[in-house]
Amino acid sequence: MNQLQNITQFIKTNILYLIRVACRYYIAYNMFSYAFGKILKTQFNMGLSYLTDTGLDNFNGFMFTWLYYGYSRSYGLVIATTQIIAGLLLLFRKTERLGVVLFLSFMVNILFVDFFYEIDGALWHAAKLTALGFFLLFSDWKGFKTYFLKAFETVQLIPQIVPQKFKKIYWLKFLIIPVMIWYAYDYINNLKQNYMTENELHGIWRIVSGNHDPSNRLYKITFDYHNQIKIKDFSKNLYFGNIELDTVTKTIQLQGKHYSEEAYHFLNDSLAKLPVAQQEDKNLSKEIKNYYHTINESLPFDNVKYTYRIKQDTLILSSSTHRELKFINCTEDYIN
């Protein structure tokens, strides 16, 4: 009977060992694949068609993720290196536990990104790899506990650097920690109050009436934090600037300058064709820029003044030079 139990235990132990080895090698192979995908640019690569003439309005979670992580080539290589190191550590028994901890430290984050950004194509595979990582962790829990949590040597540092009598005020740390947490919160909260203030116009407003007025260029206005604005005209030009808001008289002044890569290159190319002595002439560069804006109907909004009123989700702007303009609040279309 004892011999049968020993054989059964032997078989169970070896089967568990083989399963764990298979998991380690499967995870390591996938880590190498993911890493080479980043190195060879098959991951975090949007392709040219998405880099031109595609507004963020049309991006989904996958496209946002790929654009964000693909912005920095160096960061992608750092992630790839971390994945290679985790894979290598998993392949050796002595470094397996370090490999599991490193692997789970970024794999759980990948799983959350795939879930919350609705990257359905990768979600199931990420969940499977994460589950295998936790299997390796919990099937060797005693080993992990000994390896990471049990102190084999007690190093007495405090008596060497702190007088014995100070040990009696050890409880003081429990007062310092809440103060430290509160100070960090208060510091960030003050930054928010100073730089993320909202006015009553805060939101994204799209025109619904008055768009046939040839003198009106306003198609969409974004009133952002700290009186910052972004304007989009009917030619899809973008203007960035700020407003002066008077909540008593219900008036606003729009100040927005157009920015585009086309304008930047047009100015540089135009200046490069001039003699060297004229290339640093600021007035001349301003004239060239104004010429570009004129032919492209993208002249800046310079202290354009309106009176406004808000009725539920409708913003009404009026001025002496424009007919009444009505905008609808479409903020939820972009944040949901």
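Me: What makes strand S4 and strand S5 a pair?
Reply: Two strands pair if DSSP finds at least two bridges between them. Eight bridges join S4 (residues 238-246) to S5 (residues 251-258), so the two strands meet the rule. They run antiparallel. Within this pair, Ile-243 stands opposite Leu-254 in S5.

Me: What kind of model is this, and which residues and atoms count?
Reply: The model is predicted, so local features need pLDDT of at least 70 and side-chain atom pairs pLDDT 80 or more, while totals for chains, interfaces and linings use all residues. Residues are numbered from 1 along each chain as its sequence is written, and side-chain values use heavy atoms, without hydrogens or water.

Me: What counts as a helix or a strand, and how many does the chain have?
Reply: Both are DSSP runs, numbered from the N terminus: helices are H or I with at least four residues, strands are E with at least two. By that rule the chain has 13 helices and eight strands.

Me: Which strands make up the closed barrel?
Reply: The order is S1-S2-S3-S4-S5-S6-S7-S8, with antiparallel pairing. Neighbouring strands of this sheet are turned by 35 degrees against each other on average, direction ignored. Axes here are lines fitted to C-alpha atoms (for helices over the stretch in contact), with angles from 0 to 180 degrees between N-to-C directions.

Me: How do you know that S1 and S8 pair?
Reply: Four bridges link them in the antiparallel sense. The partner of Ile-207 in S8 is Phe-327. S7 and S8 also run antiparallel and are joined by four bridges. There, Leu-317 stands opposite Leu-325 in S8.

Me: Why is the contact between Asp-140 and Arg-97 called a salt bridge?
Reply: The rule asks for a side-chain nitrogen of Lys or Arg within 4 Å of a carboxyl oxygen of Asp or Glu. For Asp-140 and Arg-97 the distance is 2.7 Å, N to O. Asp-140 lies in the loop between H6 and H7 and Arg-97 in helix H5, so the pair ties together parts 43 residues apart in sequence.

Me: What makes Glu-200 and Lys-250 a salt bridge?
Reply: Their side chains meet at 3.2 Å, N to O. Glu-200 lies in the loop between helix H9 (173-195) and strand S1 (203-209), and Lys-250 in the loop between S4 and S5, so the pair ties together parts 50 residues apart in sequence. Glu-200 is partly exposed at 37%. Lys-250 is partly exposed at 33%.

Me: How do you know that Arg-309 forms a salt bridge with Glu-324?
Reply: Their closest N and O atoms are 3.0 Å apart. Arg-309 is in strand S6 (residues 301-311) and Glu-324 in the loop between strand S7 (314-318) and strand S8 (325-329), 15 residues apart. Arg-309 is partly exposed at 36%, and Glu-324 is partly exposed at 35%. Elsewhere, salt bridges that share partners join Arg-20, Arg-24 and Glu-96 into one network. The count by this rule comes to five salt bridges.

Me: Why is Asn-237 called buried?
Reply: Its relative accessible area is 13%, so Asn-237 falls under the buried limit. Asn-237 lies in the loop between strand S3 (228-233) and S4. Leaving aside neighbours within four places in sequence, Asn-237 is in contact (heavy atoms within 4.5 Å) with Ile-231, Lys-232, His-258, Asn-296, Glu-297 and Ser-298. Across the chain, buried residues make up 28% of the 336 residues.

Me: What makes the nonpolar surface patch, and which helix supplies its largest share?
Reply: Patch residues have over 30% relative accessible area and no salt bridge; like charges are joined within 9 Å, and nonpolar side chains (Val, Leu, Ile, Met, Phe, Trp, Tyr) within 5 Å. This patch is about 790 Å², made by Leu-98, Val-101, Phe-134, Phe-138, Trp-141, Tyr-147, Phe-148 and Leu-149. Accessible areas come from the Shrake-Rupley method with a 1.4 Å probe; for residues, only the protein chains shown count as cover. H7 supplies the largest share, four residues.

Me: Why is Leu-149 called exposed?
Reply: Its relative accessible area is 61%, so Leu-149 passes the exposed limit. Leu-149 is found in helix H7.

Conventions. Buried < 20%, exposed > 50% of the residue type's maximum accessible area, 1.4 Å probe, protein only.
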